[in-house]
Amino acid sequence: MSRNNSKADPPADERRSRGGRISHHLQKQQHDPPIDDADCSTVPMGTTQQRLPPSVLRNPGGGGAYNTNNDTKVFGINGGFSSSDNSHIEMRSRRISAQRKAHLFPDETQHSWVHSAADKLADWMPRTPKAMVVTFCALLGVACVAQLASHPSVTGAINSAGVPQRKLQRNPNSAGRGSNPDILDDFDQRRRRAADLPDGTIFSEPAHTRMCRSIISRLDAYDAGTTSFEQIIFTESEYVCRDPDSPYTSVLNMFAAQLLHEANNQIGLNVDYTHRCAKWERFCTGNMTTVQFHLPDPLSMNAYAWQDGCLDAAMLRTICTNSLASADPTDPDNILFPSGYLDTDTNTCNLGCYFNQVLPWIRNNLRIVATDWLNTVESRALTFWLRNAAEFSHREKDDMEVSVVSLSCAEEGCDTTQASCVCEFTPLPNWVYAMHIPRSSTNVAIIVSPTCAKFGEGCTLHAQELYHFFQTLYPRADITYNVITSTSSWYMRMITADVLVCPPGEGCLLPAIARDAYTYVYEKTDPTVSTWLTCTPDNYLTRLTVPTYPPVFVQGDCRHLRARIGAWTNDMALAPSLQYSSPVDGYLGCADTNFVATAEDPYRPPTTYRWDENVWATCPVEVMTKDDLCTQMDRLGLTRILFVGDHTTMTQAISLASILGQNNDISLDTSVVPNFTKTITCAGTTIGSFGLSYIRNDRLEEPGTTPSPGFPNCGPTNEQYCYPWSTDYSSYDGKQLLIVNTGYHWADDWQGYITNFQNFVGLIDDAAGANAIRKEDVIMFRTSVPGHKECDLHNGVYAHYGEYCPRIVNGAFWHWWGELPPYNDYAIRIINEWNLLNTVKNGPNIELLDPWLMSVLRPDGHLSGSDAGPSCTLDPKECMLYSLPGPVDWWNHLLLQQLVDIGTHLENSNPMQAWR
């Protein structure tokens with residue numbers, strides 16, 4: 001068995017060893033000014049937490065924010081951590097001052113002339129303000145000269161004068177770096193304190209390579225009879241800790257060393273490992289930008305016991321011997337996958353106990369870092385912790401739902417200081433992102449690794465295209481696009497995002513196994529598996545989705561894409577099929593009844609538009625016919641359609657009855673109970689017919705009483721109607737389609753809406769637990785649609801969302817229309833979690849019927865619209881409900897297409913991804 005590597009090796013000048021990727025990066029920095037700050041590995045992070053403004057949190061590449069309490073700049077949005085604790089800053093400043101003073105005056109005898117000068121100045125201290133200013137300037141000049149005299153560039157220039165120069169021993173492994181001065185000399189004092197050996201030696205090899213040499217030596221002594229060994233501790237090399245371009249390889253280097261640490265100590269060799277990356281933090285700012293810096297030190301292993309028999313002495317010797325003899329001894333795969341993870345002959349996986357042992361360590365340590373990161377820069381992340389199946393109380397009104405698309409090279413191996421490098425980047429088609437990123441997202445972040453941005457062919461272009469595409473697909477979300485130079489920020493944003501989508505690449509592998517849900521990582525599996533991710537145990541694979549690659553579009557997936565990007569087009573040829581065979585009675589049909597056709601306008605204008613898909617033309621919304629609906633009801637075995645909701649739901653139910661030619665005897669008289677039931681005959685089908693019913697319930701709640709016309713029974717002021725419906729639904733003896741909506745009658749009562757929607761989901765579950773046939777139902781939640789300000793002035797459609805957006809209104813005067821989109825988002829998020837919990841719930845998945853965008857682009861056709869006529873005048877104006885026929889008919893045309901897609905998925909036994 002061997003590791004699969006289908007990509008051709010790059011030329012030698014474009015390839016670097018896994019252990020020395022940071023060398024070019026360090027060489028570029030060799031002329032930076034010297035900094036002799038205090039060792040910050042012991043400086044604690046501040047305990048005072050500052051939640052950053054949403055505008056900062058939404059920008060993954062932001063550089064910082066200001067603490068409004070003390071005007072201290074809080075760094076870390078790009079770097080991954082921040083601190084606003086003044087005491088921490090003051091303590092660090094005192095330590096820096098003390099260290100610099102020690103550096104300026106290391107020897108009282110050597111620098112006695114400075115003290116003499118200070119004494120003379122004290123004697124000459126003037127008494128007048130002008131003289132004091134002159135004296136102060138003189139003292140400042142003396143201090144500056146003294147500080148400059150201690151600078152390494154000055155001391156190097158005056159070596160011939162015999163001034164002692166402290167110089168770090170050159171690493172013998174760096175002989176191949178050319179004739180430039182030692183790249184470590186610029187940080188003489190800092191590096192001397194952080195050096196690997198007392199004589200100043202700093203290693204370039206990762207710790208696991210050096211540990212293997214000691215382990216082999218001690219195994220020889222062990223075989224010769226030695227039973228006790230002195231402890232030797234290995235720390236990680238600077239090249240691993242500070243590598244800014246290859247976090248995947250660097251983290252694996254660290255856990256390869258930890259694996260050796262655990263294995264050799266099982267037999268008493270006493271070769272220990274602790275990474276100590278914090279000692280390499282460069283400027284003592286607390287803004288350590290690589291994820292390696294933030295891993296616990298020592299790495300946390302307590303929760304996961306060592307697997308006995310995984311690595312005995314013989315296997316340990318074999319692994320280390322083979323690693324040191326390999327073409328690249330610094331490659332962590334030598335330790336973690338000594339026999340490879342794939343049998344290329346059979347294309348089957350075999351991770352072995354080595355990586356299976358390491359997997360929980362990686363997951364646990366990354367989650368520890370993520371928890372610290374959340375506590376520092378963001379107070380909560382909604383799906384970082386997997387929720388209890390029956391509990392949704394963590395959802396709140398102001399939830400931010402962050403979706404992240406991470407673009408990186410297929411394999412690490414480049415660094416940004418190179419002029420050229422091979423970076424294989426494979427983009428995903430746009431429909432894939434629309435399938436996985438929920439429409440309720442408040443933030444969609446496109447984050448690109450620096451190497452992909454610089455070397456990946458098409459990587460930057462793909463990111464820019466996604467940025468503009470997402471602005472259209474998620475018009476209410478904050479869309480950002482950033483090249484993330486901080487790997488700690490990159491990893492933490494992937495781990496803590498609500499949704500993560502990744503094209504093929506190593507950059508997502510480790511964050512993916514640290515997540516719990518909504519993770520979509522595309523990996524090449526044909527002709528061979530390209531990474532170890534698909535080989536992980538089931539308890540990891542169940543937390544994420546590894547879709548087929550290349551992605552294959554299934555026709556039933558249209559229901560996740562349809563009606564999300566499109567426009568209305570006037571179509572007089574289609575208009576005849578959009579009219580009813582008989583008009584609707586009452587106020588809903590008033591405009592149509594009073595319309596007088598002319599040669600120029602044979603049909604009422606709001607009934608002459610069709611919906612066109614602008615992007616996904618293969619997912620059209622076609623006009624419904626009775627035969628079409630009968631076919632789909634029969635296909636799914638559904639014998640009833642039950643609508644439950646307020647006036648908008650009643651309008652949709654009457655619209656559907658009218659399309660089917662069954663709108664007779666439906667009364668809109670306020671003195672009559674609005675509920676109705678119709679029977680639709682379906683000739684030539686197995687079901688023969690199906691029922692069409694509507695029950696008015698403005699809030700999807702049952703207060704225990706039954707209202708009657710003129711006597712409402714629910715709502716905060718008891719002005720709304722909530723007819724009982726749950727018993728009718730749960731006791732029905734056949735399969736049914738339930739379509740529900742709520743939102744309009746909750747005004748701004750967010751807590752009430754949250755509680756009520758959770759109760760609705762619980763009712764669906766309870767009904768399925770009590771009656772097994774309820775598990776076979778199709779449940780749809782229709783999103784709520786706001787009205788339009790001054791609808792009487794509109795006689796046409798909006799071309800796009802940008803025309804509607806400036807006219808959004810909210811408040812009690814406008815019936816709280818502005819609350820409806822957030823209500824929709826909340827409902828979608830609960831539906832997402834409900835559908836995810838398919839192994840512990842009783843009820844079926846809940847599908848989404850989302851005519852929101854279609855409707856906000858239709859300011860025409862309302863009951864008080866310009867087409868209504870003077871005899872249909874309402875007081876006050878009604879700009880929420882639509883006249884029939886009109887835009888609401890397209891809600892039902894959309895409904896038919898969704899049923900077609902559901903049937904396609906069920907027939908093909910495809911997973912029901914219903915939450916998009």
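The link of C714 and C722 is right-handed, with 80° about the S-S bond. This is a predicted model, in which local features need pLDDT of at least 70 and side-chain atom pairs count only at pLDDT 80 or more, while totals for chains, interfaces and linings use all residues. Residues are numbered from 1 along each chain as its sequence is written, and side-chain values use heavy atoms, with hydrogens and water left out.

## The chain as a whole

The chain has 29 helices and 19 strands; helices (H or I, at least four residues) and strands (E, at least two) are DSSP runs, numbered from the N terminus. Of the 916 residues in the chain, 55% are buried, where buried means under 20% relative accessible area, exposed means over 50%, and partly exposed lies in between (1.4 Å probe, protein chains only). A contact means heavy atoms within 4.5 Å. Among contacts between residues at least 6 apart in sequence, 76% join residues at least 24 apart.

## Disulfides

A disulfide is a covalent bond between the sulfur atoms of two cysteines; the search takes a pair of cysteine sulfur atoms within 2.5 Å. Over the whole structure, 11 disulfides are found. Three of them are described here, with their values set out below.

| Pair | S to S distance | Angle about the S-S bond | Handedness |
|---|---|---|---|
| C452 and C459 | 2.1 Å | 115° | right-handed |
| C558 and C619 | 2.0 Å | -70° | left-handed |
| C714 and C722 | 2.1 Å | 80° | right-handed |

The disulfide of C558 and C619 has its sulfur atoms 2.0 Å apart. C558 lies in the loop between α20 (538-541) and β12 (566-570), and C619 lies in the loop between β13 (609-613) and α22 (626-636), so this pair ties together parts that are 61 residues apart in sequence. C558 is buried, at a relative accessible area of 0%, and C619 is also buried, at 0%.

## Two helix contacts

Two packed helices are described by the angle between their axes and the distance between the axes. Here, axes are lines fitted to C-alpha atoms, for helices over the stretch in contact, and angles run from 0 to 180 degrees between N-to-C directions.

Helix α8 (residues 207-223) and helix α10 (residues 247-266) have axes that come within 8 Å and cross at roughly 25°. That crossing makes α8 roughly parallel to α10; angles under 35 degrees count as roughly parallel, over 145 as roughly antiparallel, 65 to 115 as roughly perpendicular and the rest as oblique. The crossing of α8 and α10 is left-handed, meaning that the near helix is turned anticlockwise from the far one by less than a right angle, whereas clockwise would be right-handed. Ala, Val, Leu, Ile, Met, Phe, Trp, Tyr, Cys and Pro count as nonpolar, Asp, Glu, Lys and Arg as charged, and the others, Gly among them, as polar.

The axes of α22 and helix α29 (residues 889-907) come within 10 Å and cross at roughly 30°. The result is that α22 is roughly parallel to α29, and their crossing is left-handed. The contact is made by D628, L629, Q632, R635 and L636 of α22, together with L896, L899, V900, I902, G903, T904, L906 and E907 of α29. In terms of class, the contact of α22 with α29 has seven nonpolar, three polar and three charged residues.

S250 is found in helix α10. At 2% relative accessibility, S250 counts as buried. Leaving aside its neighbours within four places in sequence, S250 is in contact with V240, D243 and Q292.

R476 has its place in the loop between α17 (459-473) and β9 (478-483). With a relative accessible area of 36%, R476 is partly exposed. Apart from neighbours within four places in sequence, R476 is in contact with Y801, P821, D825 and W852. The C-alpha atoms of R476 and C805 are separated by 9.1 Å, although these residues are 329 residues apart along the chain. C805 counts as partly exposed, at 35% relative accessibility.
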